[in-house]
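Visitor: Hello! I have never looked at this structure before. Could you show it to me and take a few questions?

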Amino acid sequence: LSLYIGVFLATIWSAISTRTVSNAYSFAAPLLRTAQTLAYLETLHSLLKISNSSLPTAMIQVLGRNLVLFGVLAPCPPAYSSPFVFLTFLSWSLAEITRYPLYLSKLFSPTTTTTNNSHENSTSLFSSIITMLRYNAFLLLYPSGILGEIGIVLACLPYIKEHSLFQLAFELDRDRVARALPALVSGTNGANGDVLRVIVFDFSIFCYCGLLSYVYFGPTMYIHMIKQRKKHYASSKTA
């Protein structure tokens, strides 16, 4: 939680101190990288039933964010100044700041009753506030986070294509391939002369597929949270 608070403050300070939203990465990325690395523990906690979090939901969120942060954004310096970086960092940090306190309050809530009414009232007020934030802030933060992630990928794609980032390919002798598979090589001259370059994995195509996945996973995650919200308020009314 403290790491995400640090990310939020660093992101805001980057805009205040430089009067622009283009420096969020240099200010907040070190803290966010640490926070997102530790976020893998959430999937472990869910797997071991330490928490009540859904394992598929936790995996989608953690892996999706880390792919954007470590796999797409980190190796593309020209995209560091994109305003979508500021939007994403702000959305991610606020989403976690509103989520972790509720999780911690449930985890460490006292099981014994107390006679201190003022303490009970203050605890109840705090619990009500963090619960309200948890089940309402996502209505804005999820869409803004998804928009930011998509914007980051689009900002990084030109650099990924230009530098053939993470591309897996091998080269073959053109003459040998032409003799074995004349239909494959026929009519292709290529820039490498006698060398035929075969691309096995193209990261830019992978990124395009990732963008398409938001069509499914974006609404799926949002609907999941809407259902959790309805479930919470329904149980509150019957309590």
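Visitor: How many helices and strands does the protein chain have?
Guide: Please keep in mind that this is a predicted model. Along the sequence, the protein chain runs α-α-α-α-α-α-β-α-α-β-α. The count is 9 helices and 2 strands.

Visitor: What share of the residues of the protein chain count as buried?
Guide: The accessible surface comes to about 14300 Å², with 66% of that surface belonging to carbon and sulfur atoms. The protein chain has 239 residues, and the share that count as buried is 34%.

Visitor: Are α2 and α3 roughly parallel or roughly perpendicular to each other?
Guide: Helix α2 covers residues 24–38, and its axis lies 4 Å from that of α3. The two helices pack at an angle of about 15°. Angles under 35 degrees count as roughly parallel, so α2 and α3 are roughly parallel.

Visitor: Which residues in α3 meet α2?
Guide: From α2, the partners are Q36, T37 and L38. The residues of this contact divide into 3 nonpolar, 2 polar and 1 charged. On the α3 side they are Y40, L41 and E42.

Visitor: Where do the buried residues of α3 fall, seen down its axis?
Guide: Helix α3 spans residues 40–47, and its buried residues are E42, T43 and S46. Seen down the axis, these fall within an arc of 100°, so they line one face of the helix.

Visitor: Which residue just after α3 takes a positive phi?
Guide: The phi there is about 65°. The residue is K49.

Key
Residues are numbered from 1 along each chain as its sequence is written. This is a predicted model: local features need pLDDT of at least 70, side-chain atom pairs count only at pLDDT 80 or more; totals for chains, interfaces and linings use all residues. Side-chain values use heavy atoms; hydrogens and water are left out. Buried means under 20% relative accessible area, exposed over 50%, partly exposed in between (1.4 Å probe, protein chains only). The arc is that of the directions from the helix axis to the C-beta atoms. Axes are lines fitted to C-alpha atoms, for helices over the stretch in contact, and angles run from 0 to 180 degrees between N-to-C directions. Angles under 35 degrees count as roughly parallel, over 145 as roughly antiparallel, 65 to 115 as roughly perpendicular and the rest as oblique. Contact means heavy atoms within 4.5 Å. Ala, Val, Leu, Ile, Met, Phe, Trp, Tyr, Cys and Pro count as nonpolar, Asp, Glu, Lys and Arg as charged, and the others, Gly among them, as polar. Accessible areas come from the Shrake-Rupley method with a 1.4 Å probe; for residues, only the protein chains shown count as cover.
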